[in-house]
Amino acid sequence: MISNRRWLRLFRQNAPLLVIALFEHEVVYLVRRGTRTIKAGVLPLPHDVIQNQRLIAPEQLISRLKAEIDIAKLDVAVVLPTALAHVQYITLPTGLDIEERDYQVTRHISQTVGLSMSEVFYDFTQHNGNETMLAVARQTEVAQYRAAFAKTDWHLKSVCPEQQVWAGIHHHESSQTQPQ
């Protein structure tokens, strides 16, 4: 999973980037090179590809995307459905260095959320002062996507919960409209 800052940097790179979001019977995709959109659209998927927002048939997803997007090498960013990730804002003490902040976050995941650190991926982004957005996903939820792209020449670069994407866009836009 990636922080909002890194998510925004993904869109500024020069290599082609495919961003996908899965819904019940379709995949929404966007292909960008830097800030230029190359292609975007919605592809219908057979009913057995996705069930309960989980990718069940990765080979069918890949074949549909490959048929639509004729670019040999791509980096891929997946927007993870809301139901597959735990995202929340937590308040951390002010003045923590990165190691102390990481310790507080991992402690929150294991003690408050109740997940073992060995079975999750997580990321956090500090927002206003000591407010931190925490995103946690089980490794099994991310592994589906890793397996889907492992046999292709497309490289899975990141997986990010959709709440984190929207919060990052809102945070980025609101910081640009703040009076100087």
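## Accessibility of Glu119

A residue is called buried under 20% relative accessible area, exposed over 50%, and partly exposed in between. Glu119 has a relative accessibility of 35%, so Glu119 counts as partly exposed. These values come from a predicted model.

## Salt bridge between Glu119 and Arg138

The side chain of Glu119 forms a salt bridge with that of Arg138, at 3.1 Å from N to O. Glu119 sits in the loop between α3 (98–113) and β8 (120–126), while Arg138 belongs to strand β9 (residues 131–138), so the contact links parts that lie 19 residues apart in sequence. Arg138, at 38% relative accessibility, is also partly exposed, as Glu119 is.

## Other salt bridges

The structure has 5 salt bridges. One of them joins the side chains of Lys39 and Glu68, with an N to O distance of 3.7 Å. Because Lys39 is in strand β3 (residues 36–44) and Glu68 in helix α2 (residues 58–68), this pair ties together parts 29 residues apart in sequence. Lys39 is partly exposed at 31% relative accessibility, and Glu68 is partly exposed at 29%.

Another pairs Arg54 with Glu141, where the closest N and O atoms are 2.9 Å apart. Arg54 is part of strand β5 (residues 54–55) and Glu141 is part of helix α4 (residues 139–150), so the bridge connects parts 87 residues apart in sequence. What are the relative accessible areas of the two partners, Arg54 and Glu141? Arg54 has 33% and is partly exposed. Glu141 has 9%, which is under the 20% limit, and therefore counts as buried.

## The cavity

How many cavities of 30 Å³ or more does the model contain? The count is 1. The largest cavity holds about 30 Å³ of space.

Its lining consists of Ala21, Leu22, Phe23, Val79, Leu80, Pro81 and Glu162. Two elements, β1 (16–23) and β6 (74–80), each give two or more residues to this lining. The largest share, 3 residues, comes from β1. By class, the lining has 6 nonpolar residues, no polar residues and 1 charged residue. Glu162 is among the residues that line the cavity, and Glu counts as charged.

Methods
Residues are numbered from 1 along each chain as its sequence is written. This is a predicted model: local features need pLDDT of at least 70, side-chain atom pairs count only at pLDDT 80 or more; totals for chains, interfaces and linings use all residues. Side-chain values use heavy atoms; hydrogens and water are left out. On a 1 Å grid over the protein atoms alone, a cavity is a set of points where a 1.4 Å probe fits but cannot get out, and a pocket is an open set with protein on both sides within 12 Å along at least five of seven lines; lining residues have an atom within 4 Å of a point. Grid points are joined across faces, edges and corners, and a volume is the space filled by probe spheres set on the points. Helices (H or I, at least four residues) and strands (E, at least two) are DSSP runs, numbered from the N terminus. A salt bridge is a side-chain nitrogen of Lys or Arg within 4 Å of a carboxyl oxygen of Asp or Glu. Buried means under 20% relative accessible area, exposed over 50%, partly exposed in between (1.4 Å probe, protein chains only).
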